[in-house]
Amino acid sequence: MPDQLPPCPECASELAYEMGALLVCPMCGHEWAPGDDDDAEAGLEVRDSVGNVLADGDSVTIARDLKVKGAGGGTVKVGTKVNGIRLITDGVGDHDIDAKVPGFGQMQLKSSVVKKVV
């Protein structure tokens, strides 16, 4: 069966399904792009402003004030905590984090302006 979806790379469940351009595992909630393999994912290492390795789902704080351009503008203040980040490879410019910032909504961030919450 050539159309069979690959098992989840996190928990090896065979119950993966397609959701848009991603594959999703209903057992553990892991999302991945079809064609991603462990070698490609292992090569993606994103570090925060002090050198800590970041992963999907981590919590971070903003390390410096960020001026927000676009709808409404404003400034994201130092110390703002952002929960549940998602690492991306197709961000605008060199933005490599997709996150929901409290008070501002969904936005992309650079790893160089965040610090991992331990």
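User: Which conventions apply here, and what thresholds does the predicted model need?

Analyst: In this predicted model, local features need pLDDT of at least 70 and side-chain atom pairs count only at pLDDT 80 or more, while totals for chains, interfaces and linings use all residues. Residues are numbered from 1 along each chain as its sequence is written, and side-chain values use heavy atoms, with hydrogens and water left out.

User: How many helices and strands does the secondary structure come to?

Analyst: Helices (H or I, at least four residues) and strands (E, at least two) are DSSP runs numbered from the N terminus. The protein has 1 helix and 13 strands, in the order β-β-β-α-β-β-β-β-β-β-β-β-β-β from the N terminus on.

User: Which residues line the second largest pocket, and which strand gives the most to that lining?

Analyst: Rolling a probe the size of a water molecule over the atoms shows where empty space is left. On a 1 Å grid over the protein atoms alone, a pocket is an open set of points where a 1.4 Å probe fits, with protein on both sides within 12 Å along at least five of seven lines, and lining residues have an atom within 4 Å of a point. Here the lining consists of Arg 64, Leu 66, Lys 67, Val 68, Lys 69, Val 76, His 95, Met 107, Gln 108, Leu 109, Lys 110 and Val 113. Strand 12 gives the most, with 3 residues, and strand 7 (66-67) and strand 12 (105-109) each supply at least two. The volume, the space filled by probe spheres set on the grid points, is about 260 Å³.

User: How many disulfides does a search of the whole structure find?

Analyst: A disulfide is a pair of cysteine sulfur atoms within 2.5 Å, and the search finds 0. Cys 8 is in no disulfide, its nearest cysteine sulfur being that of Cys 28, 3.6 Å away.

User: Where is Ser 59 found, and which side chain does a polar contact join to that of Ser 59?

Analyst: A polar contact is a pair of N or O atoms within 3.5 Å; within protein, one must be able to donate a hydrogen and the other to accept it, and residues adjacent in sequence count only if both atoms are side-chain atoms. Ser 59 is found in the loop between strand 5 (53-54) and strand 6 (60-62), and a polar contact of 2.9 Å joins its side chain to that of Asn 83.
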